[in-house]
Amino acid sequence: MADRTPWSLSGALRGMFQKRTIDADTWDDLEDALLKADFGPSVTEEVVADLRAKVQRYSTTDPRDLQRMLRESIEERLSKYDSTLKLTERPAVVLVVGVNGVGKTTTIGKFARFLKTFDRTVVVGAADTFRAAAVEQLATWAERAGAAVVRPQHEGQDPASVAFQTIEMAKRTGTEIVIIDTAGRLQTKGGLMDELGKIRRVIEKQAPVAEVLLVLDATTGQNGLAQADAFIQHAGVTGLVITKLDGSAKAGFVLAVQEKTGIPIKLVGQGEGINDLTGFTPHVFAQNLVG
């Protein structure tokens, strides 16, 4: 019977590093594995060239040395960006943006839960008023997370006014963190960015925007990044949230996306459960990826 175990980078690397020596096949296999894991051609080329130079410099033929060097190289590259969430304002307002279908709504529920584990009080504003189903789904996830929800008072309510009411409530009740959901699609990209700009202006009359988090789906990889380009160009994104990072088949996207955008990854989602969103730690990520 055929083996149905899904391919993963960590699995591919494990086999490579258990060999007796570093040889020509090692380099070919490493390059193939990194490309398959969506590191992208330029990052793959740079990582492999860097490792070849180090192997030569230290005159080693031990694959375990190569494993350690790869882990350190990935960690070092990831650590160039500050993954700390900036949530010291009160209230700290977080705008969550991204195209529809990347798991934005569920991510907000998981993010609220993540913040609740640090004993923070959270209110979620359902400002994606163009989709009634999105409002209901968001309310369900927020309630599961133990966060308050501000819903539109009527269908098609102006998103900026929902954001305004959410911050008003946070200030009135002393709630520490506000998460605002936003639309992922309108008729035109220009319209969507104008809408986000308006929401932001209305918010900033009451409180500064602490973070603008862009949600990306790891399984769509570089294609998803192209779709989200308008947000990166126009929405003032301060951090990335990578969802659906189950296993390590697309793990290279994590490094490629930071290097391509210059925007730090702040949160990663690795499953479907409400507790499956965590802060991003380069050391832990590199360790789990490379072993």
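# Questions about a predicted model

Guide: A search of the whole structure, which is a predicted model, finds 3 aromatic pairs. Phe-114 and Phe-118 form an aromatic pair, with 5.2 Å from centre to centre and 75° between the planes.

Visitor: What makes Phe-114 and Phe-118 an aromatic pair, and why is it called edge-to-face?

Guide: Ring centres must lie within 6.5 Å to pair, and planes over 60 degrees apart count as edge-to-face. Phe-111, Phe-114 and Phe-118 form one aromatic cluster.

Visitor: Why is Phe-114 called buried? And what is Phe-118 called?

Guide: Buried means under 20% relative accessible area, and exposed means over 50%. Phe-114 has 17% relative accessibility, so Phe-114 counts as buried. Phe-118 has a relative accessible area of 49%, which falls in between, and therefore Phe-118 is partly exposed.

Visitor: Which residues touch the most other members of the largest nonpolar core?

Guide: They are Phe-111, Ile-179 and Phe-231, in a core of 101 residues. Strand 5 gives the most to this core, with 7 residues. As for Ile-179, its contacts beyond four places in sequence include Val-94, Val-96, Phe-111, Leu-115 and Val-124.

Visitor: Why would nonpolar side chains be found together?

Guide: In soluble globular proteins, nonpolar side chains tend to be buried together.

Visitor: How do you know that Val-97 is buried?

Guide: The relative accessible area of Val-97 is 0%, and the cut-off is under 20%, so Val-97 is buried. Val-97 is part of strand 1, which covers residues 92-97. Leaving aside neighbours within four places in sequence, Val-97 is in contact with residues including Thr-182, Leu-196, Leu-214 and Phe-231. Between Val-97 and Leu-240 there are 143 residues of sequence separation, while their C-alpha atoms are 9.7 Å apart in space.

Visitor: Why is Asp-217 called buried?

Guide: Asp-217 has 6% relative accessibility, which is under 20%, so Asp-217 counts as buried. Asp-217 belongs to strand 5, residues 209-217.

Visitor: Is Asp-38 buried or exposed?

Guide: At 12% relative accessibility, which is under 20%, Asp-38 counts as buried. Asp-38 lies in the loop between helix 2 (24-36) and helix 3. Its contacts beyond four places in sequence include Gly-221, Gln-222, Lys-250 and Phe-253.

Visitor: Why are Ser-59 and Asp-119 called exposed?

Guide: Exposed means over 50%. Ser-59 stands at 66% relative accessibility, so Ser-59 counts as exposed. Asp-119 has a relative accessible area of 66%, so Asp-119 is exposed by that rule. Ser-59 is in the loop between helix 3 (41-57) and helix 4, and Asp-119 is in the loop between helix 5 (104-116) and strand 2 (122-126).

Visitor: What is the phi of Ser-59, and what is the phi of Asp-119?

Guide: Ser-59 is not a glycine, although its phi is positive, about 45°. Asp-119, also a residue other than glycine, has a positive phi near 60°.

Visitor: Which kind of peptide bond runs from Arg-90 to Pro-91, cis or trans?

Guide: That bond is cis, with omega near -5°. Pro-91 sits in the loop between helix 4 (63-78) and strand 1.

Visitor: How do you know that the radius of gyration of the chain agrees with a compact globule?

Guide: For 291 residues, a compact globule would have a radius of gyration near 19 Å; the chain has 21 Å, which agrees. The C-alpha atoms fill a box of roughly 65 × 45 × 40 Å along the principal axes. The chain holds 12 helices and 8 strands, and buried residues make up 53% of its 291 residues.

Methods. Residues are numbered from 1 along each chain as its sequence is written. This is a predicted model: local features need pLDDT of at least 70, side-chain atom pairs count only at pLDDT 80 or more; totals for chains, interfaces and linings use all residues. Side-chain values use heavy atoms; hydrogens and water are left out. Helices (H or I, at least four residues) and strands (E, at least two) are DSSP runs, numbered from the N terminus. Buried means under 20% relative accessible area, exposed over 50%, partly exposed in between (1.4 Å probe, protein chains only). A nonpolar core is a set of buried Ala, Val, Leu, Ile, Met, Phe, Trp, Tyr and Cys residues joined through side-chain atoms within 4.5 Å. Contact means heavy atoms within 4.5 Å. The radius of gyration is taken over C-alpha atoms; the globule rule is 2.2 Å times the number of residues to the power 0.38. Rings of Phe, Tyr and Trp (its six-membered ring) pair if their centres lie within 6.5 Å; planes under 30 degrees apart count as stacked, over 60 as edge-to-face and the rest as tilted.
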